[in-house]
Amino acid sequence: AGGAVFVGNAKVSLVDSEVISCSADEGGAVYVENGEVSLSTTKILDCNATESGGGLFSAGGRTSLRNGTLISGCSTEEEGSSIFLLGGEVTYTLPAPLGRWLPNALCEVYRGACPYPSCGKDNSYEFGVCKQAACLKHRGDCALLMYDNYEVLDRLSEPSSDHKEAACNRHSTPEMQGICRTSVNESWYCQTPTFVQPCNWDPQRGGQPSLLGENLYQLPLEPVERAFPYRCAAGLDVSLVPENQSSSLCAGPCPAGTSSSIGEGVCTDCEPGFYAKQERQAACSRCRHPLSSGNRSTICSICMDGFYLSNSSADR
């Protein structure tokens, strides 16, 4: 098992690596029995398993794929051409490679509702601050907050400014980080985490607090047959921004006058002599004689004075 890497009970990390044309009965490239495995900016290409898991076989432990890691061109005679999950935990942290996408969600702490009285009612203020308003204002900040002892989260356990600063650093943009930092000396009134959480950040349950603030996809226990992450369809724009890799629409349709091939790159302008009448085109169409077009055209037309058409392209 494990044509290139077998992990029994250890911590293994592959960074900026390529695993090509390996084979095994299970896990053509990587077999994880237990332990922790991290694949970052790594490509697993054209590997094969005679049984299951052409690229990766997970029997247990924790496997983290991140930062553009790609499994492509792998095969198997049974299930899971790319990935076979028998057990354990496999996650992918965006960004994916350019031209790829995955369903994902922000890893954050789900917390209980703000329970305080509405502003202006009895017991609604503390030290001149409306508790309900402050709690609602900082819901997004509290969702990225990690306590040393997060089980005690009443008003008496207001987190330190250092904990709040760490939460601010987990926001996705510099603007949001800056807004958050202006309030580290305020009371946030964070509530107790709910029982159900969107990701395994909880260290007391074997989770990873470092996942907080990441765009994350946790794979279900079922085989993955196609290349992983998934390819953007033809006619769609692509991006390395995680928010634009979160659905099968990728970065949105290419506008009229442009096109893109499946998973190949950003939308490109139609060349002179070609056109794309509508958005989301896989290829530009050639103008039919005697019509022609300019760059990024949506229609074809008769040549202007001083120009003529030759071989169905626009020439002077």
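## A bridge across the chain

The side chains of Glu-186 and Lys-137 meet in a salt bridge, with N and O 3.3 Å apart. Here a salt bridge is a side-chain nitrogen of Lys or Arg within 4 Å of a carboxyl oxygen of Asp or Glu. This pair links distant parts of the chain, 49 residues apart: Glu-186 sits in the loop between α4 (174-181) and β19, and Lys-137 in helix α1 (residues 131-137). Helices (H or I, at least four residues) and strands (E, at least two) are DSSP runs, numbered from the N terminus.

Lys-137 counts as exposed at 53% relative accessibility, while Glu-186 is partly exposed at 32%. Buried means under 20% relative accessible area, exposed over 50%, and partly exposed in between (1.4 Å probe, protein chains only).

## About the model

This is a predicted model, where local features need pLDDT of at least 70 and side-chain atom pairs count only at pLDDT 80 or more, while totals for chains, interfaces and linings use all residues. Residues are numbered from 1 along each chain as its sequence is written, and side-chain values use heavy atoms, leaving out hydrogens and water.

How many salt bridges does the rule give? The count comes to 7. One of them joins Glu-165 and Arg-181, whose closest N and O atoms are 3.0 Å apart. Glu-165 lies in helix α3 (residues 161-169) and Arg-181 in helix α4, so the pair ties together parts 16 residues apart in sequence.

Asp-269 forms a salt bridge with Arg-296, at 2.7 Å between the closest N and O atoms. Asp-269 is partly exposed at 34% relative accessibility, and Arg-296 is partly exposed at 41%.
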